[in-house]
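Biologist: I'd like to go through this one term by term. Can you put the structure up, and then I'll ask what each label rests on?

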Amino acid sequence: PLFDLYLGKIAPEAAIAAAEKTDRRVGKPFSLQARRCESAFFVGEWHVLHHNLAAAKPLLRQANENCDWAAAEAELERLTTQ
């Protein structure tokens, strides 16, 4: 779903909703928490690319606080200094 988001095939909300579902087609599925972290970060980044910081920042905060993703922390810091 994240690839589909970046390719313009689905909306950000659909990519986030897809994280709640397990896809067993690809080997061992990621945990629900891992899927939520990944979707929050990459959908947040998608919003940054589309100049929608109001939507991006909460998702990046979620990835930083709930998942301890250094990339999310760095991106939030970068957005704050702009």
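Modeller: Let's start with helix 3, whose buried residues are R35, C37, S39, A40, F41, V43, G44, E45, W46, H47 and V48. Keep in mind that this is a predicted model, where local features need pLDDT of at least 70, side-chain atom pairs count only at pLDDT 80 or more, and totals for chains, interfaces and linings use all residues. Numbering starts from 1 along each chain as its sequence is written, and side-chain values use heavy atoms, with hydrogens and water left out.

Biologist: Why is A40 called buried?

Modeller: Buried means under 20% relative accessible area, exposed over 50%, partly exposed in between (1.4 Å probe, protein chains only). A40 has 3%, so the label buried applies.

Biologist: Which residues touch A40, once its neighbours within four places in sequence are left aside?

Modeller: L59, L60, Q62 and A63, where contact means heavy atoms within 4.5 Å. A56 is 16 residues from A40 along the chain, and their C-alpha atoms are 8.9 Å apart.

Biologist: What do the buried residues of helix 3 pack against?

Modeller: Helix 1 (2–6), helix 2 (12–18), helix 4 (53–67) and helix 5 (70–81).

Biologist: How do you know that the span of helix 3 agrees with its residue count?

Modeller: The expected span is 1.5 Å times one less than the number of residues. For the 18 residues of helix 3 (residues 32–49) that gives 26 Å, and the end C-alpha atoms are 26 Å apart, so the two agree.

**The loops**

Biologist: What makes H51 stand out in phi?

Modeller: H51 has a positive phi of about 60° without being a glycine. It sits just after helix 3, in the loop between helix 3 and helix 4. D68 also has a positive phi, near 60°, and is not a glycine either; it lies in the loop between helix 4 and helix 5.

Biologist: What makes up the secondary structure of the chain?

Modeller: Five helices and zero strands. Helices (H or I, at least four residues) and strands (E, at least two) are DSSP runs, numbered from the N terminus.

Biologist: How much of the chain counts as buried?

Modeller: 32% of the 82 residues. As for contacts between residues at least 6 apart in sequence, 41% join residues at least 24 apart.
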